[in-house]
Amino acid sequence: MDKMNQSSAEAEAETIEPLRYLSKGEAAAIETELLRDYRFGQQQLIEIWGQACALAITKAFPLSSLAKKQPTVLVICGPDQNGSIGLVCARHLRMYEYEPTIYHPQRSSQSLHQDFTVQCEKMDIPSLSYLPTEVQLINDAYNLVIDAMMGPDADCANLREPYPGILVTLKQIKIPIASVDVPSGWDVEEPSQDGINPEVLISLTAPKKCAISFSGKHFLAGRFLPYDIQKKYDLNLPDYPGTDCLIEL
């Protein structure tokens with residue numbers, strides 16, 4: 001009887017479809033459907049993703065595990081959606097008793113991004129006016145860096161300053177990097193050979209193709225996704241534990 005049960009379990013395991021890794025076009029199409037057909041708001045999605053990112057940071061880097069006496073975190077926020085997610089992440093980390101500092105390589109003209117910036121300012125989260133090029137200063141001041149600089153929409157083949165210079169700095173730092181959705185400088189479709197090397201990746205909605213061979217700690221924040229969309233795109237999302245909004249893959 002035990003052998004029969006074992007065979008049945010093995011057969012069931014073999015029929016489980018693998019997790020789907022999205023192309024850039026598929027990720028954009030899903031977000032468009034969420035906004036247009038399911039009437040999610042842009043601010044709503046950014047808030048969901050940003051809080052999930054903060055929770056992933058607390059799991060990957062608990063306060064008790066941080067090397068420095070002060071729980072300092074540097075959050076690099078680009079001017080587009082990934083940067084807004086980084087701002088929300090910073091705000092929630094502040095509520096979780098971390099000490100985030102924000103660096104904006106470029107200020108955004110988008111009203112939502114400005115709103116999230118004001119929220120951080122009202123919580124007394126400091127901002128850097130520039131990123132030190134002396135890598136040791138960053139290593140000494142922070143426990144980790146959260147990379148919310150670019151994301152899936154970035155045109156990595158045509159980067160302009162200050163971004164190439166920031167990527168050079170991030171390649172040299174010794175403290176861990178946690179990237180939001182797509183590591184900055186990576187192509188969405190394939191892993192980077194010479195880009196930054198994050199220890200943690202937090203995929204949003206569903207992982208992207210560039211994460212297929214990612215060997216670090218990989219979290220997924222996509223529990224909010226309507227079942228019809230999951231089915232339409234054959235996402236085969238994993239079962240989230242309990243009431244958690246993210247899962248480690």
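Modeller: Threonine 205 is buried in this predicted model, with a relative accessible area of 7%. Residues below 20% count as buried, so a value of 7% puts threonine 205 in that class. Threonine 205 sits in a loop, the one between strand S6 (200-204) and strand S7 (217-221). The backbone of threonine 205 has a phi near 70 degrees, a positive value in a residue that is not glycine.

Glutamate 97 also has a positive phi, about 75 degrees, although it is not a glycine. The loop that holds glutamate 97 runs between H4 and S2. Is glutamate 97 buried or exposed? Glutamate 97 is exposed, since its relative accessible area is 58% and the cut-off for exposed is over 50%.

Another backbone feature is a peptide bond. The bond from glutamate 161 to proline 162 is cis, and its omega is near 15 degrees. Proline 162 belongs to the loop between S4 and H7.

Helix H7 covers residues 163-172. Its buried residues are Tyr163, Ile166, Leu167, Thr169 and Leu170. Looking down the axis of H7, these buried residues fall within an arc of 160 degrees, and therefore they line one face of the helix.

Threonine 117 is in helix H5, residues 111-122. Threonine 117 counts as buried, because its relative accessibility is 10%. Leaving aside residues up to four places away in sequence, threonine 117 touches Leu87, His104 and Arg107.

The largest pocket holds about 290 Å³ of space. Of its 19 lining residues, Ala27, Glu31, Gln81, Pro152 and Asp181 are the closest to its centre. Which elements give two or more residues to this lining? They are helix H2 (24-36) and helix H4 (81-95). The largest share, 6 residues, comes from H2. By class, the lining of the largest pocket has 10 nonpolar, 3 polar and 6 charged residues.

The second largest pocket holds about 200 Å³ of space. Its lining consists of Gly222, Arg223, Phe224, Leu225, Tyr227, Gln230, Leu237, Pro238, Asp239 and Tyr240. These residues divide into 6 nonpolar, 2 polar and 2 charged.

An unreviewed UniProt entry annotates residues 27-237 as "domain: YjeF N-terminal". In the model, the end C-alpha atoms of that span lie 14 Å apart. The span is 37% helix and 15% strand.

Notes:
Residues are numbered from 1 along each chain as its sequence is written. This is a predicted model: local features need pLDDT of at least 70, side-chain atom pairs count only at pLDDT 80 or more; totals for chains, interfaces and linings use all residues. Side-chain values use heavy atoms; hydrogens and water are left out. Buried means under 20% relative accessible area, exposed over 50%, partly exposed in between (1.4 Å probe, protein chains only). Helices (H or I, at least four residues) and strands (E, at least two) are DSSP runs, numbered from the N terminus. The arc is that of the directions from the helix axis to the C-beta atoms. On a 1 Å grid over the protein atoms alone, a cavity is a set of points where a 1.4 Å probe fits but cannot get out, and a pocket is an open set with protein on both sides within 12 Å along at least five of seven lines; lining residues have an atom within 4 Å of a point. Grid points are joined across faces, edges and corners, and a volume is the space filled by probe spheres set on the points. Ala, Val, Leu, Ile, Met, Phe, Trp, Tyr, Cys and Pro count as nonpolar, Asp, Glu, Lys and Arg as charged, and the others, Gly among them, as polar. UniProt positions are given in the numbering used here, feature names are shortened, and annotations may be inferred rather than shown by experiment. Contact means heavy atoms within 4.5 Å.
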